[in-house]
Amino acid sequence: MNSNSLLLFICIVFASCAPKHDQEKLDTYFEGSISAYNRKLTDVIVADIFTPPVASRIYAYSNIAAYEGIRLMAPDKPSLSGQLHELGNLSTPDPSKKYYHPLTALVAFTETAKPLVFDLERIEKMQQTLLQEVQEIGIDKEMYDNSVVLGKTLAEEILARAAKDGYLRRTALPRFSVSDDPGRWRPTPPDYMEAIEPHWRTITPFVLDSAGQFDPGLPTPFDSTETSQFYKEAKEVYETVKNLDTTQLNIAKFWDCNPNISTTKGHVMYFQQQISPGGHWVHITAQVLDEEKSSLVDSATALAQVSIAIADAFISCWDQKYKSSLTRPETFINTYIDPDWSPVLQTPAFPEHTSGHSVASSAAATVLTHIFGDSYAFVDATEIPYGLPVRSYRSFDQAAQEAAISRLYGGIHYKPAIELGVSQGKQVGQHVLRNISMD
C-alpha cells in the first residue's frame, strides 16, 4: 500500500470511529443548561469579589447573549436589538447552513462573560469543557462549526455595546470626596473602605430612559436633635437591632448578600465570599425554572428579563445614593446615640439612600411575578452553599419584602430607604416589562 492509499485508509477509519450526530443525547445534555451556566458564572463572580452593581452588569450581558442565541429556535421570538439602548443589529443564521442553537446560546453566554470577569481563564475552561463534551456526544461537524461561529459573533456584537456603556470611562472620573458635613456619608468600620462605584449612575441603562427616571426622592433631612424625625429613624434602627428575635436575625443573615465583607488581620485584608443581591435573584429564577422544567427558550427569556431589570435597578438606585450621600445608621448611632453599638451586618461601603437590596429585589420580583404569577410559592435554597438553610415564601413579592426589611434587622438602613427602595424597584421592573418585548 503506497503512502497516499494509507493516508486515505486512516482518514476513513478515523471518520468511521468518530461519534455520529446524536440529537437525542444532545438535547438531554442541554436540558437546564441556561440555569446551570448562570450558577457557574456566579461561582466566578463570587470568587472575583465583584461589587453588586458590577455583578449585575455581568449577569445582564451574559444572559442577553444566551437569549439572542437560543431565541433562534423560536422564529417568533424578537431580538433585543433595537429594544435595549445602544444595542445594534445582531447577526442571524444563514438559512443555507445548519445550526444547533443551544450550543450557539452557551457559546455566546461564555464568550460574552469572559472579558467581563477577572478570572477569564475559568470561563474559557468552562467553554472548552462544553465544546469537548458536545463533540464527545456526537454532533454534525458543519452544525457544530456554524453554531460556535455564530455564538462568538453574537458575543462580539453584544460586547461592542458593553465597550461603550460607560463602564470603562467611569474609572477616569473624579474620586469620591468625603465631606465634613455630619449628614453626609463617610467610610464605616471595620476597614473604612472607600466609596464603591460613586459613578455607577453614569452607566448607560438597558431600558430606563435615564438613571434618574424613577428617582424615589430625598431622604428625611438630617437632624441630630432628639426630637427630630431623622433621629427617630436612627433610633428605630438602634432599638430594632438591640431587640432582634431569632427569626429576624435569621432573615438578616439570609439576605446579607454582601460580597465585600472584609476582615483585616495585621496588614492583610481578607474578603468573605458571598453571593450578591442580584446573584441571589438570578439563582431564585434558575431554581424556579428548573423546578418547572422550563424549555431552554423560556429559561433564557426569564433570566434575561430578570437580569436586565436588576442591572437597571442598580443604576437607578446608585443615582440617588450619590445624590443624597446620606450617612449610614452606624455612623449616626455611634456619634449621637451609643458609641459602642454595632450593626448585625457589616455596613456596605456606599451611601444609605435608597437600599440597593430593596430596589433590586423588588425589580426582580416584579418580573418573576409577571412570568409565574402573584401566588407562586417556592423554597429558596440559594444560600445553602454559604452555610445557611432554606427559606420558604408564598410569593416572589413576599421574598422581596423580606429581603428589604432584612436591611433594618441588619442595622444598615433606615426605614425610608427600605420603603422607598421597594417602590423604586417595582417601578423599574414594571418599566422593563412594558418596554421590552420577548414574547
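For helices, an axis here is a line fitted to the C-alpha atoms over the stretch in contact, and the angle between two axes runs from 0 to 180 degrees between N-to-C directions. In this predicted model, helix α4 covers residues 52-70 and helix α5 covers residues 101-113. Their axes come within 7 Å and cross at roughly 160°. Since angles over 145 degrees count as roughly antiparallel, α4 is therefore roughly antiparallel to α5. The crossing of α4 past α5 is right-handed.

Which residues make the contact? From α4 come Tyr61, Ser62, Asn63, Ala65, Ala66, Gly69 and Ile70. On the α5 side, the residues are His101, Pro102, Thr104, Ala105, Ala108, Phe109, Thr112 and Ala113. Sorted by class, nine residues in this contact are nonpolar and six are polar, with no charged residues.

The next step concerns aromatic rings, of which the structure holds 26 pairs. One of them joins Trp255 and Trp281, whose ring centres are 5.9 Å apart. Their planes lie at 25°, and planes under 30 degrees apart count as stacked, so this pair is stacked. The pair links distant parts of the chain, 26 residues apart. Trp255 sits in the loop between α9 (246-254) and β1 (261-265), whereas Trp281 belongs to helix α10, residues 277-291.

Last comes confidence. The protein chain has an average pLDDT of 94, and 94% of the residues score at least 70. Over residues 6-16, however, pLDDT stays under 50. For that stretch the model has two contacts beyond four places in sequence. Where pLDDT is low, predicted coordinates should not be read in detail.

Conventions: Residues are numbered from 1 along each chain as its sequence is written. This is a predicted model: local features need pLDDT of at least 70, side-chain atom pairs count only at pLDDT 80 or more; totals for chains, interfaces and linings use all residues. Side-chain values use heavy atoms; hydrogens and water are left out. pLDDT is the predictor's confidence in each residue, from 0 to 100. Contact means heavy atoms within 4.5 Å. Helices (H or I, at least four residues) and strands (E, at least two) are DSSP runs, numbered from the N terminus. Angles under 35 degrees count as roughly parallel, over 145 as roughly antiparallel, 65 to 115 as roughly perpendicular and the rest as oblique. A crossing is left-handed if the near helix is turned anticlockwise from the far one by less than a right angle, and right-handed if clockwise. Ala, Val, Leu, Ile, Met, Phe, Trp, Tyr, Cys and Pro count as nonpolar, Asp, Glu, Lys and Arg as charged, and the others, Gly among them, as polar. Rings of Phe, Tyr and Trp (its six-membered ring) pair if their centres lie within 6.5 Å; planes under 30 degrees apart count as stacked, over 60 as edge-to-face and the rest as tilted.
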